[in-house]
Amino acid sequence: MRIRIVDAFTDRPFAGNPAGVLLLDDAFPDDDRLQNIALEVNHAETAFAHRLPGGGEADWALRWFTPVTEVNMCGHATLATAHVLHTTGAHEGPVRFATRSGVLIATPDEDGSITLDFPTAPLTPVALPEGVAEALGAEPLTAFDTGPNIGDLLLELADEKTVHALRPDLGALAAYSERGIIATARAENPELGYDFVSRCFFPNVGIDEDPVTGSAHTALAPHWSRRLGRTTLTGLQASPRSGRVRTHLRGDRTLLTGRAVTVIEGELLA
């Protein structure tokens with residue numbers, strides 16, 4: 001079985017968000033085996049995909065695992081999987097993935113990028129939980145629940161500098177959402193090519209800080225589209241590896257566009 005490590009939401013190696021990608025010959029093996037492989041790969045997510053019979057609503061079945069659990073949605077590992085399918089010739093044109101979050105479509109663009117069609121996260125304003133400011137290390141302006149597919153608490157902060165400076169208490173943050181915290185702020189200088197910044201902390205699924213989170217941008221896109229009055233935006237995820245996600249809000253669907261680079265290819269022997 002071939003295994004690849006792909007850096008997603010970047011056009012260069014050793015940046016963006018790395019994902020493991022395994023294309024299976026047939027149906028998924030048992031969950032314990034999938035989880036053990038994801039733990040061995042030890043990136044934020046490892047994607048497993050197998051081809052489906054023709055004539056159905058999807059072309060490939062797709063699942064995502066962190067080192068400790070299966071997740072409902074993952075943008076960067078979906079982008080990485082589509083990249084592998086297209087660069088290896090395993091699939092041409094748009095690919096439809098059957099997932100826990102419904103059918104997700106990845107479309108290759110002429111410039112080499114890939115656009116993902118994901119469900120828009122339903123944002124619900126919530127009262128700021130007691131103690132979350134202390135755990136995060138900054139006072140949020142607003143707080144939103146992001147719904148079941150993501151399971152995060154979205155917190156808008158005062159400015160971009162505050163987002164960059166965060167040094168949260170990850171153990172304390174785990175109490176405030178199912179997956180973790182999305183911290184975001186408006187870009188200080190949009191002339192640099194991005195409209196908002198974010199950082200994502202997911203201690204409940206074994207990820208202290210995720211480098212670039214596609215799924216989080218299904219919540220960031222509607223939030224900042226409302227705030228900035230535009231449906232097409234670019235987000236910078238200000239992790240140490242960093243990466244950019246272009247978003248386009250289409251009502252209950254959000255398009256996420258980025259690039260990917262394969263950096264390692266090998267064979268799974270176990």
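Serine 113 counts as buried because its relative accessibility is 4%, where buried means under 20% relative accessible area, with a 1.4 Å probe and protein chains only. The model is predicted, so local features need pLDDT of at least 70, side-chain atom pairs count only at pLDDT 80 or more, and totals for chains, interfaces and linings use all residues. Residues are numbered from 1 along each chain as its sequence is written, and side-chain values use heavy atoms, with hydrogens and water left out.

**Serine 113**
- Serine 113 lies in the loop between β7 (102–108) and β8 (114–119), strands being DSSP runs of E with at least two residues and helices runs of H or I with at least four, numbered from the N terminus.
- Not counting residues up to four places away in sequence, serine 113 touches Thr107, Pro108, Thr257, Gly258 and Arg259, contact meaning heavy atoms within 4.5 Å.

**Leucine 123**
- Leucine 123, in the loop between β8 and β9 (124–125), is buried, with a relative accessible area of 14%.
- The C-alpha atoms of leucine 123 and leucine 220 are separated by 9.4 Å, although these residues are 97 residues apart along the chain.

**Aromatic pairs**
- The structure holds 2 aromatic pairs, defined for rings of Phe, Tyr and Trp (its six-membered ring) with centres within 6.5 Å, where planes under 30 degrees apart count as stacked, over 60 as edge-to-face and the rest as tilted.
- The phenylalanine 48 and phenylalanine 65 pair is edge-to-face because the ring centres are 5.8 Å apart and the planes lie at 85°.
- This pair links phenylalanine 48 in strand β3 (residues 45–51) with phenylalanine 65 in strand β4 (residues 60–65), and both residues are buried.

Key:
Buried means under 20% relative accessible area, exposed over 50%, partly exposed in between (1.4 Å probe, protein chains only).
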